[in-house]
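Hi there,

Here is the structure I promised to pass on. Have a look at it first, and then read on for my notes.

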Amino acid sequence: MKRYRWGIIGTGHIAGQFAEGLRILQKAQLYAVASRSEEKAAGFAKQYAFERSYGSYQELLNDPLVDIVYIATPNHLHSSLTLEALAAKKAVVCEKPLGLSPAEVQQMNQASESNHCFLMEAMWTAFLPSMRILRERIQQNEIGEPLLLKAEFGIHPPYDSQSRLFNPAMGGGSVYDIGIYPLFLFHYLLGTPVSVSSEISLAPTGVDMTAVMTLRSQSGCIASLLSSFACDLKSDAVIVGEKGSLRLDRMFHMPTHLYRQLRGEQKETEVPIDYIGNGYNYEAEEAMRCLDEGKIESEIYSHAFSYELSNTISKVLKKKS
Ligand SMILES: NC(=O)c1ccc[n+]([C@@H]2O[C@H](COP(=O)([O-])OP(=O)(O)OC[C@H]3O[C@@H](n4cnc5c(N)ncnc54)[C@H](OP(=O)(O)O)[C@@H]3O)[C@@H](O)[C@H]2O)c1
């Protein structure tokens, strides 16, 4: 069995979650971590039992023993760090959103191809058993032709103009941070939308605070999606078809509960979902499976998928490029 030496860039909240996820994977070697501060890197390495720690991101990229890099920095650094890592011939798993525009994502995808190095957006939800089961059941026509998707994600973080959530220079805004999950769900279940419209309210920094999004699929399914930093929402999702509905309970983007209710049934039935670990293990497992097979992209979450999702985000945010 080939084991892969992971290098983590950034030592914040999600880096810790991801490291926890890696710990249960036999194929993963918790090798190196890099921070802008040597002290933070050493502390993180000690906490999660990494072998090496570096006080700069570049040192980790210069280490020839690192096989695969996980980028866990704020959004504005995803593109530049991914390009540097790919140029250093590392495989890359980069946090969502992969880039801040379709053009950035395209450049990152092209760098993966020209360097023949694996690249995948770390949209952990895409690799969870709940998502696979949900999509399979829809494809098996369990609820009939999908007619409506409703999904929301709302949190109420304290307003701080300098934080990664609200600072435009760091790629802030609710859609990049959490609205990406309902938008991902649309793409994952229904494909690239044929129409996208939105109403946006802004935070004082100018980034989107709340977005109400309306999409239509090629097949005619319509979607009502919500993203907000202004309030805590239930953050669930339901897809309704001609024969019934499937619902993911609150925090639908996590390993969560799935319920089915067919037309005429009085109550929902829970669909059993087994999962292991904290959920972040699944995306890491998929990356290593792709590396075993010599692939530069995942079939579950391809380069084109990231590009199309970024395109939809830019339409929601009414960006020029
Ligand atoms: N998949 C998920 O469930 C999930 C959940 C939350 C966030 N995310 C994504 O993960 C990324 C990081 O989010 P997070 O919540 O982990 O953020 P965080 O706790 O603020 O951590 C980000 C880390 O990035 C590094 N960094 C580099 N430049 C920075 C700068 N100018 N300001 C602040 N930090 C900087 C820091 O590490 P060093 O100081 O060690 O260099 C920091 O600890 C974002 O892209 C976000 O979209 C994903």
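In this predicted model, Ser-195 has Arg-216 of strand S9 as its bridge partner. Five residues separate S8 from S9 in a hairpin, and Gly-206 in its turn has a positive phi of about 100°.

If you follow the chain onwards, Arg-216 turns up again, with Ile-222 as its bridge partner in S10. S9 and S10 (residues 222–228) are joined by seven bridges, in the antiparallel sense. This pair also makes a hairpin with five residues between the strands, and the turn holds Gly-220, with a positive phi of about 100°.

Now for the sheet around these strands. S8, S9 and S10 are part of an open sheet of eight strands with mixed pairing, in the order S8-S9-S10-S7-S11-S12-S13-S14. Its edges are S8 and S14 (269–271), each of which pairs on one side only. On average, neighbouring strands of the sheet are turned by 15° against each other, direction ignored. At the S14 end, S13 (residues 258–262) and S14 pair through three bridges in the antiparallel sense; Tyr-259 has Glu-270 of S14 as its bridge partner.

Which helices pack on this sheet? One of them is H6 (residues 129–139), which touches S7 (146–154), S11 (237–241), S12 (244–248), S13 and S14. The direction of H6 makes about 170° with that of S12. H9 also packs on the sheet, where it touches S8 and S9, and its direction makes about 55° with that of S8.

H9 has a helix partner as well. H7 (residues 174–190) and H9 (residues 303–316) pack with their axes 10 Å apart, at an angle of about 120°. That angle makes H7 oblique to H9, and the crossing is right-handed. From H7, the contact uses Val-175, Ile-180, Leu-183, Phe-184 and His-187, while H9 brings Phe-305, Glu-308, Leu-309, Thr-312, Ile-313 and Val-316. By class, the residues of this contact are eight nonpolar, two polar and one charged.

On the H4 side you will find Ser-79, Thr-82, Leu-83, Leu-86 and Ala-87, which meet Glu-104, Met-108, Ala-111, Ser-112 and Asn-115 of H5. The residues of this contact divide into five nonpolar, four polar and one charged.

Last, the ligand. There are 21 residues around the ligand, and those that come nearest are Gly-10, Thr-11, Gly-12, Ile-14 and Ser-35. Which helix gives the most to this shell? The answer is H1 (residues 13–23), with three residues. By class, the shell has seven nonpolar, eight polar and six charged residues.

Happy to go through any of this with you.

Best wishes

Conventions: Residues are numbered from 1 along each chain as its sequence is written. This is a predicted model: local features need pLDDT of at least 70, side-chain atom pairs count only at pLDDT 80 or more; totals for chains, interfaces and linings use all residues. Two strands pair if DSSP finds at least two bridges between them. Helices (H or I, at least four residues) and strands (E, at least two) are DSSP runs, numbered from the N terminus. A residue is near a molecule or strand if its C-beta atom, placed from the backbone, lies within 6 Å of it. Ala, Val, Leu, Ile, Met, Phe, Trp, Tyr, Cys and Pro count as nonpolar, Asp, Glu, Lys and Arg as charged, and the others, Gly among them, as polar. Axes are lines fitted to C-alpha atoms, for helices over the stretch in contact, and angles run from 0 to 180 degrees between N-to-C directions. Angles under 35 degrees count as roughly parallel, over 145 as roughly antiparallel, 65 to 115 as roughly perpendicular and the rest as oblique. A crossing is left-handed if the near helix is turned anticlockwise from the far one by less than a right angle, and right-handed if clockwise. Two residues are in contact if their C-beta atoms, placed from the backbone, lie within 7 Å.
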